[in-house]
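Please read them with the sequence and the model side by side.

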Amino acid sequence: MIALLHTGAAKFPQNLLPRARQAVCSLLPAGVLKEYSSIISRKLASHGFGACMAAMSSFPPQRYHYFLVLDFEATCDKPQIHPQLTGIIQGMVDGQPSLQQVLERVDEWMAKEGLLDPSVKSIFVTCGDWDLKVMLPGQCQYLGLPVADYFKQWINLKKAYSFAMGSWPKNGLLDMNKGLNLQHIGRPHSGIDDCKNIANIMKTLAHRGFIFKQTSKPF
């Protein structure tokens with residue numbers, strides 16, 4: 001799941017503003033990032049991914065024009081503790097695009113939205129470091145695929161929240177929503193719902209004047 005949030009940063013290309021202000025919510029091509037081969041012994045069976053766009057032009061200026069909110073969900077071959085943790089079943093991923101095809105579609109989408117323009121500053125946002133530090137690089141290494149540079153820097157929302165609020169959210173999104181008096185959207189461990197919650201938390205922190213910055217270390 002990716003949520004594209006426009007921050008209203010100075011000197012943003014005007015041709016992209018109308019799309020951001022429409023607060024469009026849509027999915028990438030069918031099956032995007034829903035199925036991968038596993039890193040080792042096919043332990044990662046499937047992942048959820050989608051895209052939505054929401055305007056943030058009324059917020060205080062940020063360092064980035066866009067925040068790309070991303071969340072992967074994974075289920076093991078034989079879940080022992082929470083078999084319905086993600087809600088993903090095999091029927092949802094059968095016949096869907098391969099990881100290589102998905103990443104190609106993501107790159108096309110990034111180009112279409114103007115996010116590959118050097119003058120446009122964007123960064124991925126995740127709830128933790130696992131998605132882009134472990135999961136995606138590991139999958140790409142296993143399959144012999146390159147990792148695009150735009151996946152190599154991100155904001156860990158847990159770290160951003162701790163900087164803003166002075167406490168670490170041990171239970172992730174649930175603690176962050178509670179700390180900000182926000183209603184949790186949807187159900188936990190749904191890629192789409194998790195991204196909506198991440199975006200909502202970000203908007204709330206931004207409205208309070210928090211300035212987001214990269215938390216990952218350069219590759």
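1. A residue is called buried when its relative accessible area is under 20%, exposed when it is over 50%, and partly exposed in between, with a 1.4 Å probe and protein chains only. Helices (H or I, at least four residues) and strands (E, at least two) are DSSP runs, numbered from the N terminus. With these terms, the buried residues of α5 are L157, A160, Y161 and S162.

2. The model is a predicted one, in which local features need pLDDT of at least 70 and side-chain atom pairs count only at pLDDT 80 or more, whereas totals for chains, interfaces and linings use all residues. Residues are numbered from 1 along each chain as its sequence is written, and side-chain values use heavy atoms, with hydrogens and water left out.

3. For the overall fold, the protein chain contains seven helices and six strands, and their order along the sequence is β-α-β-β-β-α-α-β-α-β-α-α-α. Of the 219 residues in the protein chain, 49% are buried. Among contacts (heavy atoms within 4.5 Å) with a separation of 6 or more, 78% join residues 24 or more positions apart. The accessible surface, computed by the Shrake-Rupley method with a 1.4 Å probe, comes to about 11100 Å² for the protein chain, and carbon and sulfur atoms account for 53% of that surface.

4. Just after α5, G166 has a positive phi of about 80°.

5. How many salt bridges does a search of the whole structure find? The search finds two, a salt bridge being a side-chain nitrogen of Lys or Arg within 4 Å of a carboxyl oxygen of Asp or Glu. In one of them, D129 pairs with K159, and the closest N and O atoms are 3.6 Å apart. D129 sits in the loop between β5 (122–126) and α4 (130–143) while K159 belongs to helix α5 (residues 157–165), so the pair ties together parts that are 30 residues apart in sequence. D129 is buried, at a relative accessible area of 18%, whereas K159 is partly exposed at 26%.

6. The side chains of K152 and D149 also meet in a salt bridge, at 3.6 Å from N to O. Here K152 is partly exposed, with 29% relative accessibility, and D149 is exposed, with 62%.

7. Rings of Phe, Tyr and Trp (its six-membered ring) are paired if their centres lie within 6.5 Å, with planes under 30 degrees apart counted as stacked, over 60 as edge-to-face and the rest as tilted. The count by this rule is six aromatic pairs. The ring centres of F210 and F212 are 5.0 Å apart and their planes stand at 85°, so this pair is edge-to-face. F210 is buried at a relative accessible area of 18%, and F212 is buried at 0%. Together with Y64 and F67, the residues F210 and F212 form one aromatic cluster.

8. Disulfides, meaning pairs of cysteine sulfur atoms within 2.5 Å, number zero in a search of the whole structure. C140 is buried at 1% relative accessibility, and C195 is buried with a relative accessible area of 0%.
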